[in-house]
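Student: Could you walk me through how to read some features of a protein model? I would like the general idea, then the case at hand.

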Amino acid sequence: MRASRLVTLLLLLQNRGRMTARQLAAELEVSVRTVYRDVDALAAAGIPLYGAAGHAGGYRLVDGYRTRLTGLTGDEAQAAFLAALPDAAAQLGLGEALATAQLKLHAALPAELREHAGRIRERFLLDAPGWYGDAGRTPHPHLADVATAVWERRALVLRYRRWRAPEEIERRVDPYGLVLKAGRWYLVAGGATGLRTYRVDQVLGLRLLDEPCATAPAGFHLAAHWHASLADFRARLHTGEALVRLTAEGARRLGVTPDAADGDGWTEARIPIESVDHAHGEFLRLGTDIEVLSPPGLRDRIAATVQALAARYRAQKVPQVVESAAVEAESCPRSSD
């Protein structure tokens, strides 16, 4: 552990230049006293670094010195592929390895590329999960074990919760890959029922077996399999069709490329739908930017909902509710825009 910390300290000084003992302690998550001891150990090992006291003081390496300690460990090499998704790396237990790997990669770059990489990290951030789904949730406790099984190609026995009866099942599976989609982790695995996809947050328990998993089917490629599964899911999901009229804003929100609009700026489009129930909720979200023409059952149901809402909002307002809402509106934080 200390050897790893000494390498990290050295790479920090190489990448960032002068740093104070307090800054190094914060980066390494140790005490300032520990930093002093580590600096003494590096100096005793012949590393040309020096310290200066005062406001502009701190530790730095002699100009021109560059370490050759940039080889990646196994964990660091794995983590490097998750560099754009630090939260995912942390959930897989590779957060510290990712930080060290990034330091080593940064140290190995020529000066001009280090500057370019620094600008990218400062100005671009990938935040994969959606706004409202699973924000701030803690990683599922079985994710690390599932990842271990995938990496070590070991078979698993899963106790799993699914949507149809029987809701709880136990199944031996051969793990072939993990996929992170919109903040959720999915396990792609084979077994007696063929290739299946399991949501990791629906795993109720597991046993990591001391036996290798079966070889993946010939020609299996995780990314290709995942995209084919998504296409098949969407094809089975959208079994119906609705004819609608859309404003330009409605077309944009539905991702529809509008045809030539009529005189009032509306355009017709045919939209694949999963069911009347699902389309009812989705289309209501568009408000006045959509009019459903068919199927008649969907149009009638939306009309009934709109009439019920209109009747509700025409009802006498409750003063206390209005006043409370006004107070809440005044207390809401304003956007930074």
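Student: How are helices α11 and α12 oriented to each other?

Tutor: Bear in mind that this model is predicted. For two helices, look at how their axes approach and cross. Here the axes of α11 (residues 276-284) and α12 (residues 296-314) come within 10 Å and cross at roughly 50°. An angle of 65 to 115 degrees would count as roughly perpendicular and one under 35 degrees as roughly parallel, so α11 and α12 are oblique to each other.

Student: Which hand does the crossing of α11 and α12 have?

Tutor: That crossing is right-handed.

Student: What kind of peptide bond joins S294 and P295?

Tutor: Here you read omega. The bond between S294 and P295 is cis, with omega about 5°. As for its place, P295 sits in the loop between β10 (290-294) and α12.

Student: Let us turn to helix faces. Which residues of α2 are buried?

Tutor: The idea is to list the buried residues and then look down the axis. In α2 (residues 21-28), the buried ones are A21, L24, A25 and L28. Viewed along the axis of α2, these residues fall within an arc of 100°, so they line one face of the helix. R22 and A26, on the other side of α2, are exposed.

Student: And what comes just after α2?

Tutor: There you find E29, with a positive phi of about 60°. This is a positive value in a residue other than glycine. E29 belongs to the loop between α2 and α3, and its relative accessible area of 73% makes E29 exposed.

Student: Where is R153, and what is its phi?

Tutor: R153 is in the loop between α8 and β3, and its phi is near 55°, again a positive value in a residue other than glycine. With 41% relative accessibility, R153 counts as partly exposed.

Student: How many aromatic pairs does the structure hold?

Tutor: A pair of aromatic rings is described by the distance of the centres and the angle of the planes. The structure holds three such pairs. One of them is Y160 with Y198, an edge-to-face pair at 5.1 Å centre to centre, with 85° between the planes. This pair links distant parts of the chain, Y160 in β3 (residues 154-161) and Y198 in β6 (residues 196-199), 38 residues apart. Both Y160 and Y198 are buried.

Student: What kind of pair do Y176 and F220 form?

Tutor: Their ring centres are 5.6 Å apart and their planes are at 50°, so the pair is tilted. Y176 lies in β4 (residues 168-181) and F220 in the loop between β7 (203-212) and α9 (222-237), 44 residues apart. Y176 is buried, at 9% relative accessible area, whereas F220 is partly exposed, at 23%.

Conventions:
Residues are numbered from 1 along each chain as its sequence is written. This is a predicted model: local features need pLDDT of at least 70, side-chain atom pairs count only at pLDDT 80 or more; totals for chains, interfaces and linings use all residues. Side-chain values use heavy atoms; hydrogens and water are left out. Buried means under 20% relative accessible area, exposed over 50%, partly exposed in between (1.4 Å probe, protein chains only). Helices (H or I, at least four residues) and strands (E, at least two) are DSSP runs, numbered from the N terminus. The arc is that of the directions from the helix axis to the C-beta atoms. Rings of Phe, Tyr and Trp (its six-membered ring) pair if their centres lie within 6.5 Å; planes under 30 degrees apart count as stacked, over 60 as edge-to-face and the rest as tilted. Axes are lines fitted to C-alpha atoms, for helices over the stretch in contact, and angles run from 0 to 180 degrees between N-to-C directions. Angles under 35 degrees count as roughly parallel, over 145 as roughly antiparallel, 65 to 115 as roughly perpendicular and the rest as oblique. A crossing is left-handed if the near helix is turned anticlockwise from the far one by less than a right angle, and right-handed if clockwise.
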